[in-house]
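Here is a short briefing to read alongside the sequence and the 3D view. Take a moment with both, and then let's walk through them together.

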Amino acid sequence: MNWGHSSRQSSKKSSKSDPGATGPASHHLPSTDDQQGELTVQIRWLIRRDMPEVLEIEQSSFAAPWSEEDFLGYLRQRNCIGMVAEYNQQIVGFMIYELHKARLQVLNFACSANHRRLGIGSQMVAKLVDKLSQQRRQEILLEVRESNLEAQLFFKKLQFRAVRVLRRHFDDTTEDAYVMRYRLIESESDDDQQLPHNRISFFDAA
Ligand SMILES: CC(C)(COP(=O)(O)OP(=O)(O)OC[C@H]1O[C@@H](n2cnc3c(N)ncnc32)[C@H](O)[C@@H]1OP(=O)(O)O)[C@@H](O)C(=O)NCCC(=O)NCCS
(Lines give C-alpha, C1' and ligand atoms only; values in the text may rest on other atoms or scores of the structure.)
Protein backbone atom coordinates (compact mmCIF):
# COMPACT_ATOMS: atom_id res chain seq x y z
CA MET A 1 0.00 0.00 0.00
CA ASN A 2 1.19 3.39 -0.01
CA TRP A 3 3.54 2.90 2.85
CA GLY A 4 6.23 4.79 1.05
CA HIS A 5 5.10 8.36 0.61
CA SER A 6 6.39 9.84 3.81
CA SER A 7 9.05 8.70 6.22
CA ARG A 8 6.33 7.51 8.54
CA GLN A 9 4.71 5.55 5.79
CA SER A 10 7.93 4.09 4.56
CA SER A 11 8.81 2.76 7.97
CA LYS A 12 5.65 0.66 7.88
CA LYS A 13 5.44 -2.89 6.62
CA SER A 14 4.35 -2.12 3.40
CA SER A 15 2.67 -2.26 2.71
CA LYS A 16 -3.90 -4.43 -4.52
CA SER A 17 -9.03 -5.49 -16.24
CA ASP A 18 -11.28 -7.45 -16.45
CA PRO A 19 -14.02 -5.62 -14.69
CA GLY A 20 -16.67 -7.86 -16.04
CA ALA A 21 -19.47 -9.47 -14.16
CA THR A 22 -17.09 -11.52 -12.11
CA GLY A 23 -14.96 -8.57 -11.03
CA PRO A 24 -14.29 -7.66 -7.43
CA ALA A 25 -17.64 -6.00 -6.98
CA SER A 26 -19.32 -9.33 -7.36
CA HIS A 27 -16.68 -11.51 -5.79
CA HIS A 28 -17.43 -13.13 -2.47
CA LEU A 29 -20.69 -11.44 -1.87
CA PRO A 30 -22.92 -14.09 -0.36
CA SER A 31 -26.49 -13.09 0.16
CA THR A 32 -26.60 -14.72 3.56
CA ASP A 33 -24.03 -15.20 6.28
CA ASP A 34 -21.74 -18.16 6.14
CA GLN A 35 -22.99 -19.30 2.78
CA GLN A 36 -20.08 -21.16 1.20
CA GLY A 37 -18.07 -20.47 4.32
CA GLU A 38 -18.12 -16.72 3.78
CA LEU A 39 -19.23 -13.87 5.98
CA THR A 40 -21.28 -10.91 4.83
CA VAL A 41 -19.90 -7.88 6.59
CA GLN A 42 -21.17 -4.35 7.00
CA ILE A 43 -18.66 -1.83 5.73
CA ARG A 44 -18.95 1.60 7.30
CA TRP A 45 -16.90 4.65 8.27
CA LEU A 46 -14.25 4.10 10.89
CA ILE A 47 -15.04 6.00 14.09
CA ARG A 48 -12.83 6.74 17.07
CA ARG A 49 -14.47 4.02 19.14
CA ASP A 50 -13.26 1.40 16.63
CA MET A 51 -9.59 2.23 17.18
CA PRO A 52 -8.75 -0.41 19.84
CA GLU A 53 -10.02 -3.21 17.60
CA VAL A 54 -8.40 -1.70 14.52
CA LEU A 55 -5.08 -1.45 16.36
CA GLU A 56 -5.37 -5.07 17.44
CA ILE A 57 -5.83 -6.18 13.83
CA GLU A 58 -3.00 -3.90 12.73
CA GLN A 59 -0.62 -5.29 15.33
CA SER A 60 -1.40 -8.89 14.54
CA SER A 61 -1.10 -8.27 10.80
CA PHE A 62 2.17 -6.40 10.34
CA ALA A 63 5.72 -6.59 11.64
CA ALA A 64 5.98 -2.81 11.74
CA PRO A 65 2.45 -1.75 12.64
CA TRP A 66 1.13 1.79 12.58
CA SER A 67 0.62 3.39 15.95
CA GLU A 68 -2.64 5.03 16.94
CA GLU A 69 -0.96 8.38 16.19
CA ASP A 70 -0.16 7.19 12.68
CA PHE A 71 -3.80 6.33 12.08
CA LEU A 72 -5.06 9.58 13.52
CA GLY A 73 -2.48 11.59 11.61
CA TYR A 74 -3.69 10.19 8.31
CA LEU A 75 -7.36 10.34 9.19
CA ARG A 76 -7.07 14.02 10.02
CA GLN A 77 -6.17 14.71 6.39
CA ARG A 78 -9.14 15.90 4.40
CA ASN A 79 -8.68 13.43 1.58
CA CYS A 80 -8.07 10.39 3.78
CA ILE A 81 -10.83 7.93 4.61
CA GLY A 82 -11.03 5.06 7.07
CA MET A 83 -13.56 2.25 6.83
CA VAL A 84 -14.18 -0.85 8.89
CA ALA A 85 -15.80 -4.19 8.16
CA GLU A 86 -18.10 -5.24 10.97
CA TYR A 87 -19.57 -8.63 11.68
CA ASN A 88 -21.65 -9.42 14.74
CA GLN A 89 -20.70 -6.08 16.29
CA GLN A 90 -17.04 -6.97 15.96
CA ILE A 91 -14.51 -5.19 13.76
CA VAL A 92 -13.06 -7.83 11.44
CA GLY A 93 -11.26 -5.65 8.93
CA PHE A 94 -10.31 -2.10 8.08
CA MET A 95 -8.91 0.00 5.27
CA ILE A 96 -7.43 3.46 5.05
CA TYR A 97 -7.26 5.18 1.69
CA GLU A 98 -6.69 8.56 0.11
CA LEU A 99 -8.86 10.20 -2.52
CA HIS A 100 -6.85 11.67 -5.36
CA LYS A 101 -8.12 13.35 -8.45
CA ALA A 102 -7.78 10.33 -10.69
CA ARG A 103 -7.26 7.45 -8.28
CA LEU A 104 -7.78 5.91 -4.88
CA GLN A 105 -4.55 5.21 -3.03
CA VAL A 106 -4.83 2.50 -0.41
CA LEU A 107 -2.57 3.17 2.56
CA ASN A 108 -3.48 0.35 4.87
CA PHE A 109 -5.69 -2.71 4.55
CA ALA A 110 -6.08 -5.74 6.81
CA CYS A 111 -8.51 -8.34 8.09
CA SER A 112 -8.55 -9.98 11.48
CA ALA A 113 -6.27 -13.01 11.55
CA ASN A 114 -9.19 -15.09 12.84
CA HIS A 115 -11.43 -14.11 9.96
CA ARG A 116 -9.31 -14.59 6.87
CA ARG A 117 -10.30 -16.47 3.72
CA LEU A 118 -13.94 -15.68 4.46
CA GLY A 119 -14.40 -13.10 1.74
CA ILE A 120 -14.07 -10.06 3.98
CA GLY A 121 -11.08 -8.55 2.18
CA SER A 122 -12.90 -9.11 -1.11
CA GLN A 123 -15.93 -7.22 0.15
CA MET A 124 -13.72 -4.34 1.22
CA VAL A 125 -12.11 -4.22 -2.23
CA ALA A 126 -15.59 -4.33 -3.80
CA LYS A 127 -16.48 -1.30 -1.71
CA LEU A 128 -13.46 0.54 -3.11
CA VAL A 129 -14.28 -0.49 -6.65
CA ASP A 130 -17.80 0.86 -6.13
CA LYS A 131 -16.25 4.26 -5.50
CA LEU A 132 -14.53 4.38 -8.88
CA SER A 133 -16.20 6.05 -11.78
CA GLN A 134 -15.51 6.19 -15.50
CA GLN A 135 -15.66 9.96 -15.45
CA ARG A 136 -13.34 10.52 -12.59
CA ARG A 137 -11.36 8.08 -10.49
CA GLN A 138 -10.68 5.05 -12.59
CA GLU A 139 -8.01 3.23 -10.64
CA ILE A 140 -6.92 1.97 -7.26
CA LEU A 141 -3.24 1.87 -6.40
CA LEU A 142 -1.40 0.33 -3.50
CA GLU A 143 2.03 -0.91 -2.52
CA VAL A 144 2.79 -4.40 -1.29
CA ARG A 145 6.01 -5.66 0.19
CA GLU A 146 7.81 -8.19 -1.91
CA SER A 147 7.70 -10.67 0.98
CA ASN A 148 3.94 -10.32 1.40
CA LEU A 149 3.00 -13.03 -1.03
CA GLU A 150 -0.41 -13.60 0.56
CA ALA A 151 -1.46 -10.02 -0.11
CA GLN A 152 -0.05 -10.19 -3.65
CA LEU A 153 -2.11 -13.30 -4.36
CA PHE A 154 -5.18 -11.76 -2.77
CA PHE A 155 -5.01 -8.58 -4.82
CA LYS A 156 -4.09 -10.48 -7.96
CA LYS A 157 -7.18 -12.62 -7.48
CA LEU A 158 -9.20 -9.41 -7.40
CA GLN A 159 -7.74 -8.27 -10.72
CA PHE A 160 -5.04 -5.99 -9.45
CA ARG A 161 -1.82 -6.20 -11.39
CA ALA A 162 1.75 -5.43 -10.41
CA VAL A 163 2.77 -2.46 -12.51
CA ARG A 164 6.02 -1.27 -10.96
CA VAL A 165 8.79 -2.32 -8.62
CA LEU A 166 9.98 0.17 -6.02
CA ARG A 167 13.51 -0.84 -5.14
CA ARG A 168 14.49 -0.87 -1.47
CA HIS A 169 11.36 1.00 -0.68
CA PHE A 170 11.19 0.73 3.08
CA ASP A 171 13.18 2.19 5.92
CA ASP A 172 12.99 -0.93 8.05
CA THR A 173 14.26 -3.44 5.47
CA THR A 174 15.98 -3.41 2.11
CA GLU A 175 13.14 -5.21 0.44
CA ASP A 176 11.33 -3.98 -2.63
CA ALA A 177 7.68 -3.10 -2.98
CA TYR A 178 5.32 -3.81 -5.82
CA VAL A 179 2.90 -1.17 -6.92
CA MET A 180 -0.35 -2.96 -7.68
CA ARG A 181 -3.13 -1.38 -9.64
CA TYR A 182 -6.78 -2.09 -10.28
CA ARG A 183 -8.28 -0.34 -13.27
CA LEU A 184 -11.93 0.08 -13.97
CA ILE A 185 -11.22 -0.10 -17.68
CA GLU A 186 -8.22 -1.95 -19.04
CA SER A 187 -7.50 -1.14 -22.64
CA GLU A 188 -5.52 -3.20 -25.10
CA SER A 189 -3.14 -0.32 -25.65
CA ASP A 190 -2.49 -0.10 -21.94
CA ASP A 191 1.11 0.40 -20.95
CA ASP A 192 0.84 -2.88 -19.03
CA GLN A 193 1.70 -4.55 -22.30
CA GLN A 194 5.22 -3.16 -22.08
CA LEU A 195 5.77 -3.89 -18.43
CA PRO A 196 9.20 -5.13 -17.48
CA HIS A 197 9.30 -8.63 -16.06
CA ASN A 198 9.68 -8.92 -12.35
CA ARG A 199 9.23 -11.66 -9.83
CA ILE A 200 5.50 -11.25 -9.59
CA SER A 201 5.26 -11.90 -13.33
CA PHE A 202 5.55 -15.56 -12.46
CA PHE A 203 2.33 -15.31 -10.50
CA ASP A 204 0.65 -13.32 -13.22
CA ALA A 205 1.64 -16.03 -15.66
CA ALA A 206 0.31 -18.80 -13.40
C1 LIG B 1 -4.57 -10.01 2.41
C2 LIG B 1 -5.84 -10.06 3.26
C3 LIG B 1 -6.39 -8.65 3.42
C4 LIG B 1 -6.88 -10.94 2.54
O5 LIG B 1 -8.13 -10.83 3.22
P6 LIG B 1 -9.17 -12.05 3.27
O7 LIG B 1 -10.44 -11.55 3.85
O8 LIG B 1 -8.53 -13.21 3.95
O9 LIG B 1 -9.33 -12.37 1.73
P10 LIG B 1 -10.56 -13.13 1.00
O11 LIG B 1 -11.12 -14.17 1.91
O12 LIG B 1 -11.51 -12.12 0.47
O13 LIG B 1 -9.77 -13.85 -0.19
C14 LIG B 1 -10.17 -13.72 -1.55
C15 LIG B 1 -9.24 -14.56 -2.39
O16 LIG B 1 -7.91 -14.00 -2.36
C17 LIG B 1 -6.95 -15.07 -2.39
N18 LIG B 1 -6.24 -15.14 -1.11
C19 LIG B 1 -6.56 -14.50 0.04
N20 LIG B 1 -5.66 -14.80 0.99
C21 LIG B 1 -4.77 -15.66 0.43
C22 LIG B 1 -3.63 -16.32 0.91
N23 LIG B 1 -3.21 -16.19 2.18
N24 LIG B 1 -2.95 -17.14 0.07
C25 LIG B 1 -3.35 -17.28 -1.21
N26 LIG B 1 -4.44 -16.68 -1.74
C27 LIG B 1 -5.14 -15.86 -0.92
C28 LIG B 1 -7.76 -16.37 -2.56
O29 LIG B 1 -7.90 -16.57 -3.95
C30 LIG B 1 -9.07 -15.99 -1.93
O31 LIG B 1 -10.16 -16.75 -2.42
P32 LIG B 1 -10.42 -18.22 -1.76
O33 LIG B 1 -10.37 -18.05 -0.28
O34 LIG B 1 -11.80 -18.55 -2.28
O35 LIG B 1 -9.34 -19.11 -2.25
C36 LIG B 1 -5.56 -10.71 4.65
O37 LIG B 1 -4.85 -11.91 4.47
C38 LIG B 1 -4.76 -9.82 5.59
O39 LIG B 1 -5.31 -9.01 6.31
N40 LIG B 1 -3.40 -9.98 5.56
C41 LIG B 1 -2.52 -9.22 6.47
C42 LIG B 1 -2.49 -7.77 6.15
C43 LIG B 1 -1.98 -7.49 4.75
O44 LIG B 1 -1.05 -8.12 4.27
N45 LIG B 1 -2.61 -6.51 4.11
C46 LIG B 1 -2.27 -6.09 2.78
C47 LIG B 1 -1.11 -5.18 2.84
S48 LIG B 1 -0.60 -4.74 1.20
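Predicted model: local features only at pLDDT ≥ 70, side-chain atom pairs only at ≥ 80, totals over all residues.

- An open sheet is built from 7 strands, which run in the order 1-2-3-4-5-7-6 with mixed pairing.
- Strand 1 (42–45) and strand 6 (161–166) each have a single partner strand because they stand at the edges, so one side of each has no neighbour in the sheet.
- From one strand to the next, the twist averages 30°.
- Strand 6 and strand 7 (residues 177–183) are paired in the antiparallel sense, over 5 bridges.
- In general, strands of a sheet pair through backbone hydrogen bonds, either parallel or antiparallel.

**Helix 2**
- Helix 2 spans residues 51–61, and its residues Val54, Ile57, Glu58 and Ser61 are buried.
- These four lie on the same side of helix 2, because they cover an arc of only 100° around the axis.
- Pro52 and Ser60 are exposed, on the face of helix 2 turned away from its buried side.
- The packing partners of the buried residues of helix 2 are helix 3 (68–75), strand 2 (80–87), strand 3 (90–99) and strand 4 (103–111).

**The nonpolar core**
- The largest nonpolar core has 43 residues, and Val106, Ile140 and Met180 touch the most other members.
- Neighbours within four places in sequence aside, Ile140 is in contact with Arg103, Leu104, Val106, Leu128, Leu132, Arg181 and Tyr182.

Conventions. Residues numbered from 1 in each chain as written. Pairing = 2+ DSSP bridges. Helix = DSSP H or I, 4+ residues; strand = E, 2+ residues; numbered from the N terminus. Axes fitted to C-alpha atoms, helices over the stretch in contact; angles between N-to-C directions. Buried ≥ 20, exposed ≤ 12 C-beta atoms within 10 Å, placed from the backbone. Arc of directions from axis to C-beta. Contact = placed C-beta atoms within 7 Å. Core = buried A, V, L, I, M, F, W, Y, C linked by C-beta atoms within 7 Å.
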